[in-house]
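Please open the structure in the viewer and keep the sequence in view.

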Amino acid sequence: MAKKQGATAAKKAVAPKGKWIPKAPRGMRDVLFEEALVREKIQNIAFEQARYYLYDRIETPILEDTELFLRSVGDTTDIIEKQMYNLKTEGGTQLTMRPEGTAGVVRSFIEQGMQNLPQPVKLFYYGPMFRHENPQRGRLRQLSQFGVEVLGDISSSYDAEVILIFFNILKQLKIKDLVVEINSIGDKSCRSIWRTKLRDYYRNKLPKVCKDCRNRFQRNPFRLLDCKEKECVEYRAGAPTMLDNLCHDCNSHFKGVLEFLDELEIPYALSPYLVRGLDYYTRTVFEIFSNPAFFEKQAKEQKKEEEVKKGEGGGTEGQEVASSTPLALAGGGRYDDLVKMLGGKDTPAMGGAIGIDRVADLVGKSMNLSEEHNVRVFLVQLGMIAKRKLMKLREVFRKEKISVAESFGRDSIKAQLKIADRLQADFVLILGQREALDDTIILRDMKTGSQEIIPLPKIFDEIKKRLKK
Ligand code: HAM
C-alpha cells in the first residue's frame with residue numbers, strides 16, 4: 001500500500017516553478033552540535049532516574065488511530081479541537097501523529113496484555129510528539145518528551161514518585177527555583193458536584209467569556225478554568241474550586257500525596273484552578289515550573305509573618321496559592337479511568353512528561369560540555385600505510401574510551417597540526433612514511449612542545465601512563 005500511495009502522491013505533487021529554498025516546516029527544527037549534546041545529557045539523566053526507580057522502556061508508534069486520541073485526550077480540549085496532525089491512508093484509515101505519549105502507552109498496556117503482569121507496570125518513553133500550535137518560544141509543533149507511567153496501583157506514593165523523578169532530573173540539571181503546582185480534580189463521583197457548581201457560577205458570565213468557553217460551558221465546564229484568554233482568566237478567580245468539593249477518599253488521597261512531598265522536601269504550591277489540557281485526569285494533577293517569583297513571594301510572606309509575630313505589621317494572606325506562571329517544564333497526573341475507558345480492565349494509573357525542548361533551552365547555556373569535547377590524542381599521518389596503521393591504532397584507544405581525533409582526509413602535516421591545536425588535544429601522534437616503515441611513531445606533548453620517537457607497539461601504554469600523571 002505504501003508503494004502505491006507513494007506513487008500517487010508523487011504524481012499529484014507538482015514541484016513549484018521558480019526558486020525553491022528547502023526549509024524545515026514551521027514550528028519544527030533541526031537539533032545540531034552543542035544543542036544535540038545538551039539533549040543527550042538530559043536524556044541520559046532522565047533514563048538513569050527512570051531505571052533507578054525500576055521503570056522499563058517502552059516505544060510506541062508515532063502514528064496511532066485518531067480514535068485513540070479522541071477517546072482519551074477528550075474532544076473538547078485544545079489538542080483535539082485545534083492541534084492534531086491527522087492523515088488518511090489510501091485504505092481510508094484515519095491516523096494521527098501522536099500529540100502526547102500516554103494514550104499510546106495505555107493502548108499498548110491493553111493490547112499487549114500487561115494487565116496480566118505483576119502490578120504496577122512502570123514504563124518510561126522518550127520521543128517526538130506533534131501539536132499544531134501557534135509556534136513561539138517554548139511552543140513547538142514537533143516537541144520531544146520524556147515520560148513515565150505507572151499502571152495498576154492507586155497508592156498516593158506513586159503520585160509522589162512520578163513528581164520526585166521529574167524533580168530529581170530538573171535538580172540534577174541544576175535548574176533553580178523549582179516549584180510543583182499541584183491540585184486534585186477529584187473522581188467521577190465528586191466531580192459531578194463541582195461541575196454543577198461551576199455551571200451555576202459561569203451561567204450569568206457567559207456573555208463575557210470567550211467564544212470557545214461559551215461552547216465548552218455545556219460540554220465540559222472544567223475547560224473554562226484552563227482557558228488562557230484574558231477575560232476568562234479574570235473570571236476564573238472567583239470560580240468554585242475542586243479542593244473545596246473533594247469526597248472523603250479523594251481528599252485523603254490528595255493529603256497523602258502532599259505528605260509524601262513534604263517528607264521529600266519538594267516545594268509545592270496548591271493551584272486550585274489547575275485542570276490541565278487533557279481530559280483523562282482524575283485526582284492529582286501537577287505541573288513543574290522554574291519560578292523565582294514564587295520564592296520571592298514566599299520570602300516576602302515569611303518576612304511579613306515575622307513582623308506580625310513581632311506585633312509590627314498587618315494580617316497574613318492565608319493559604320499559599322500559586323503565583324503567575326512561566327511555561328511548565330513538566331506536567332502530569334493520575335488517570336484512574338483511562339484504561340477502562342479504552343476497553344481494558346479497571347486499572348488506576350499515574351504519570352507525567354517533561355518537555356525536553358523547554359528544559360534544554362533553560363539549561364543549554366549553562367551546561368558544561370567541555371568534557372564531551374575533550375580530545376586527548378590527535379593522529380597525524382602521511383601516506384596510505386600510515387593511515388591504515390593509525391586507523392587500527394585508533395581502535396585500541398576506543399576500547400579504552402580514550403578520545404581520539406584525526407583528519408585522514410588531509411595530507412599536509414601542517415594543516416593536521418593546526419586542527420590538533422584547535423581541538424586542544426593533549427598529545428599528537430605523528431606517523432610519517434619513515435616511521436611507518438620503522439614501526440615507530442612520533443609522540444608530541446602539546447603542553448610542553450617536547451617530541452620523542454616511540455616504538456609503535458608501545459605507544460598505547462605510553463599514552464595511558466602519561467594521561468594518568
Ligand atoms: P503536557 O503537559 O501536555 O502533558 O506536556 C508535558 C510537557 O511537554 C509540558 O509540561 C511542556 O514542558 C512540554 N510541551 C507541551 N507542549 C509543548 C510544545 N508545544 N512545545 C514544547 N514543549 C511542549 C502530556 O503530554 C501528558 N501526556 C503527560 C502525562 C503523562 N500525564 C500523565 N502521563
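Begin by selecting arginine 71 and glutamate 67, whose side chains meet in a salt bridge with N and O 2.9 Å apart. A salt bridge here is a side-chain nitrogen of Lys or Arg within 4 Å of a carboxyl oxygen of Asp or Glu. The two residues, arginine 71 and glutamate 67, are four residues apart in helix H3 (residues 66-72), and so about one helical turn separates them. Glutamate 67 is partly exposed, at a relative accessible area of 42%. The terms for cover are as follows: buried is under 20% relative accessible area, exposed is over 50%, and partly exposed lies in between (1.4 Å probe, protein chains only).

Before moving on, please note that this is a predicted model, in which local features need pLDDT of at least 70 and side-chain atom pairs count only at pLDDT 80 or more, whereas totals for chains, interfaces and linings use all residues. Residues are numbered from 1 along each chain as its sequence is written, and side-chain values use heavy atoms, with hydrogens and water left out.

**The whole chain**

Along its principal axes, the C-alpha trace spans about 90 × 75 × 55 Å. Of the 469 residues, 48% are buried.

Colour the chain by domain: domain 1 covers 25-190 + 246-290 + 326-363, and domain 2 covers 377-467. These bounds come from an automatic or database domain assignment. The C-alpha centres of domain 1 and domain 2 are 49 Å apart.

**The open sheet**

Now select the eight strands of an open sheet with mixed pairing, in the order E1-E5-E6-E11-E10-E9-E7-E8. E1 and strand E8 (268-270) stand at the edges with a single partner strand each, so one side of each has no neighbour in the sheet. Strands count as paired if DSSP finds at least two bridges between them.

Start at strand E1 (residues 56-57), which runs parallel to E5 and is joined to E5 by two bridges. Arginine 57 has phenylalanine 124 as its bridge partner in E5. How many residues of strand E5 (residues 121-130) are buried? Nine of the ten residues in E5 are buried, leaving the strand mostly covered.

Continue to strand E6 (residues 142-151), which pairs with E5 in the antiparallel sense over ten bridges. Phenylalanine 130 has glutamine 142 as its bridge partner in E6. Further along the sheet, select strand E7 (residues 178-184) and strand E9 (residues 282-290), which are antiparallel and joined by seven bridges. Here valine 179 is partnered by phenylalanine 289 of E9.

**Further salt bridges**

The count of salt bridges comes to 36. Select arginine 216 and aspartate 212, whose closest N and O atoms are 4.0 Å apart in such a bridge. Is arginine 216 buried or partly exposed? Arginine 216 is buried, with a relative accessible area of 4%, while aspartate 212 is partly exposed at 28%. Both belong to a salt-bridge network of Asp78, Glu81, Lys82, Asp212, Arg216 and Arg219.

Then go to helix H14 (residues 384-399), where arginine 398 and glutamate 395 lie three residues apart, about one turn of the helix. Arginine 398 forms a salt bridge with glutamate 395, the closest N and O atoms being 2.8 Å apart. Glutamate 395 is partly exposed, at 32% relative accessibility.

**A loop residue**

Finally, select glycine 238, in the loop between helix H9 (230-236) and helix H10 (248-263). Glycine 238 is partly exposed, with 48% relative accessibility.
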